[in-house]
Amino acid sequence: MEKLTGRLKREHDTLVFMCGIYCKDHHQPQADGLCADCAELMRYAEDRLAKCPYGQDKPTCAKCPIHCYKSNHANRFA
C-alpha cells in the first residue's frame, strides 16, 4: 500500500480501529489482531482508499457520490 497522508490516513486509521473492535467482539482474531476475513477486508479497504479519485479532498463515505466498495464488502458487517 502506498503511504497515505492527511485525511486519507485518518480515514485509514479509523477503519483499522473499528475493524479491530468488531473482529475482537465477533470473530477469532489472530496474533496480528484480525481474523483472516477481517484482514482481507482491510486490504480491500486500503486499496480503495489508495485509489480514491478525490485524494485529500475525499468527503466522508456517507456524503461521497462514488461508491468505492462492492456491495458484498460494503454490507459485510451490517
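This is a predicted model: local features need pLDDT of at least 70, side-chain atom pairs count only at pLDDT 80 or more; totals for chains, interfaces and linings use all residues.
A residue counts as buried here when its relative accessible area is under 20%.

Let's start with the overall layout. The protein chain has 3 helices and 0 strands, so reading along the sequence gives you α-α-α, with helices taken as DSSP runs of at least four residues. If you look at contacts with a separation of 6 or more, 61% of them join residues 24 or more positions apart.

Now zoom in on the first pair of helices. Two packed helices are described by the angle between their axes and the distance between the axes. For H1 (residues 6–26) and H2 (residues 36–50), the angle is about 165° and the axes lie 11 Å apart. Because angles over 145 degrees count that way, H1 is roughly antiparallel to H2. H1 passes H2 in a right-handed crossing.

Who touches whom? On the H1 side you'll find Leu8, Glu11, His12, Leu15, Val16, Cys19 and Cys23, and they meet Cys38, Met42, Ala45, Glu46 and Leu49 of H2. Sorted by class, that contact has 9 nonpolar, 1 polar and 2 charged residues.

In soluble globular proteins, nonpolar side chains tend to be buried together. The largest nonpolar core in this model has 7 residues: Cys19, Cys23, Leu34, Cys35, Cys38, Ala39 and Met42.

Setting aside neighbours within four places in sequence, Met42 is in contact with Leu15, Val16, Cys19 and Leu34.

Key
Residues are numbered from 1 along each chain as its sequence is written. Side-chain values use heavy atoms; hydrogens and water are left out. Axes are lines fitted to C-alpha atoms, for helices over the stretch in contact, and angles run from 0 to 180 degrees between N-to-C directions. Helices (H or I, at least four residues) and strands (E, at least two) are DSSP runs, numbered from the N terminus. Angles under 35 degrees count as roughly parallel, over 145 as roughly antiparallel, 65 to 115 as roughly perpendicular and the rest as oblique. A crossing is left-handed if the near helix is turned anticlockwise from the far one by less than a right angle, and right-handed if clockwise. Contact means heavy atoms within 4.5 Å. Ala, Val, Leu, Ile, Met, Phe, Trp, Tyr, Cys and Pro count as nonpolar, Asp, Glu, Lys and Arg as charged, and the others, Gly among them, as polar. A nonpolar core is a set of buried Ala, Val, Leu, Ile, Met, Phe, Trp, Tyr and Cys residues joined through side-chain atoms within 4.5 Å. Buried means under 20% relative accessible area, exposed over 50%, partly exposed in between (1.4 Å probe, protein chains only).
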